[in-house]
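Please keep the model open while reading.

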Amino acid sequence: MSTSLELQGKHIVLGLSGGIACYKSAELVRELVKAGATVQVVMTEAAEAFITAVTLQALSNRPVYTSQWDAREPNNMAHINLSREADAVLIAPASADFMAKLVQGRADDLLSLLCLARPIERCPLLIAPAMNREMWAHPATQRNAAQLRADGTTLLGPDAGDQACGEIGDGRMLEPADLAEELIAFFQPKRLAGQRVLITAGPTFEAIDPVRGITNRSSGKMGFALARAAREAGAQVTLVAGPVALPTPRGVMRTDVQSAQQMHDAVLPMAGAHDVFIATAAVADWRPAAAHEHKIKKDGSGRPPAIEMVENPDILAAVARLPKPPYCVGFAAESQDLLAHAQAKRLRKGVPLIVGNLGPATFGQDDNTLLLVDEHGHRELPTAGKLALARELVGEIAERLKTST
Ligand code: CTP
């Protein structure tokens, strides 16, 4: 999913403390700049042992700060000036030693000094720990991580996997693209904080035989964008996806299914434990009555085989009929008369909100136009990228949740 200009207007102080993950920070600067942010790099002396300020200056297009005695600032207070301009301070990599310094409130180099001097309520601090797994697992580091969280710091990662030292475990710095996505998410309003959101997405695949099946042109992009937007808004998100080739948005729990029946069987037992259910999946209405065990062969008669079809369960309607249903949002993909069809569908499925779109025009596209239909009337969300629309829709759902509970 594109993250283009998602950080437009944001000024980020990117701090590097010492660690081999510093090599990834160069890529991170590019990611942040690509997303529209201005990036001011600040390095500790240890970070300079791993990567040069020259590289980071070239990528950020700004001189790098490395010392609290930097005479370039007219007032000679780089720590004050840098932290007053920033929308956030991101330390990546954050070494075990640097975390310990933050916990103690020490300020003997420019980076720790500016972290201490930043106005806490205006300038949030995010850190991406990066260290050997034993260092990360050490009770001292775990204690420091807990204390940093308690002090209002956001910890991004660390990830698990191969480490530069040759060991395998927790402590890897998140990849630059993941850090950029986390930072973008951080700035989104937390309109669904604490809510549990369940989303279906993509097409279903109804097998005819082991090599053939019936499916449709849904790409899953809208559902995946909604999963990302809901998670960005602070929700705990579960995504049940039909066969699609899309990466799982960060922080989202995903279950993959093939058929409508499997989607139904995955969704129904957990729907009651969610606050919101959004059905974006283009579920096949019918499936072959029986999937052949072996490939159907031509029989030489020239007549195609007759495939008997049966109707699939309606997942959305079934969830809406639960004794204590979550707030249900349906999608209506139509090829004509969008408003009338969406209104009728809302009543037929017994859901408070239907989101209409003109299916064939939007399948697989990055843009969409949505029509919201609820008991009060209808409203169009004008054409925009699917992630932008997803964020708007999350806002609309959050508003309706407030009044429905
Ligand atoms: N839906 C579902 N389970 C199904 C069919 C649809 O959960 N078996 C959901 C979709 O995810 C969507 C909404 O119901 O949120 C509308 O789906 P759509 O296929 O457009 O509606 P249908 O009820 O199938 O009506 P029609 O085919 O007549 O347009």
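How many nonpolar, polar and charged residues does the shell around the ligand have? By class, eight are nonpolar, one is polar and five are charged. Here Ala, Val, Leu, Ile, Met, Phe, Trp, Tyr, Cys and Pro count as nonpolar, Asp, Glu, Lys and Arg as charged, and the others, Gly among them, as polar.

## Basis of the model

This is a predicted model, in which local features need pLDDT of at least 70, side-chain atom pairs count only at pLDDT 80 or more, and totals for chains, interfaces and linings use all residues. Residues are numbered from 1 along each chain as its sequence is written, and side-chain values use heavy atoms, with hydrogens and water left out.

## The ligand shell

There are 14 residues around the ligand. Ala279, Ala281, Phe331, Lys345 and Lys349 come nearest. A residue counts as near if one of its heavy atoms lies within 4 Å of the molecule.

Ala281 places a backbone N or O atom 2.6 Å from one oxygen atom of the ligand. Lys345 has a polar side-chain atom 2.8 Å from a ligand oxygen atom. For Lys349, a polar side-chain atom also lies 2.8 Å from an oxygen atom of the ligand. Taken alone, the ligand exposes 580 Å², and the protein buries 78% of that. These accessible areas come from the Shrake-Rupley method with a 1.4 Å probe.

## The largest pocket

The ligand takes up the space of the largest pocket. A molecule sits in a pocket if more than half of its atoms lie within 2 Å of the pocket's grid points. Helix H12 (315-320), strand S16 (327-334) and helix H13 (338-349) each give two or more residues to the shell around the ligand. Helices (H or I, at least four residues) and strands (E, at least two) are DSSP runs, numbered from the N terminus.

Pockets are found on a 1 Å grid over the protein atoms alone: each is an open set of points where a 1.4 Å probe fits, with protein on both sides within 12 Å along at least five of seven lines, and lining residues have an atom within 4 Å of a point. The volume of the largest pocket is about 970 Å³, counted as the space filled by probe spheres set on the points. Its lining holds 38 residues. Ala281, Ala282, Val283, Asp285 and Phe331 lie nearest its centre. Helix H10 (221-232) and strand S15 (309-311) are among the elements that supply at least two lining residues each. The lining divides into 16 nonpolar, 14 polar and eight charged residues.

## The second largest pocket

This pocket has a volume of about 310 Å³. Of its 21 lining residues, Ile20, Ala21, Gln163, Ala164 and Arg172 lie nearest the centre. Helix H1 (22-34), helix H5 (96-104) and strand S7 (168-172) each give two or more residues to that lining. By class, the lining has ten nonpolar, six polar and five charged residues.

## Backbone features

The peptide bond from Ala92 to Pro93 is cis, with omega near 5°. Pro93 belongs to strand S3 (residues 88-94). Gly157 to Pro158 is also a cis bond, with omega near 5°. Pro158 sits in the loop between strand S5 (154-155) and strand S6 (159-162).

Asn61 is not a glycine, yet has a positive phi of about 65°. Its place is the loop between helix H3 (53-60) and helix H4 (78-85).

Terms used: A polar contact is a pair of N or O atoms within 3.5 Å; within protein, one must be able to donate a hydrogen and the other to accept it, and residues adjacent in sequence count only if both atoms are side-chain atoms.
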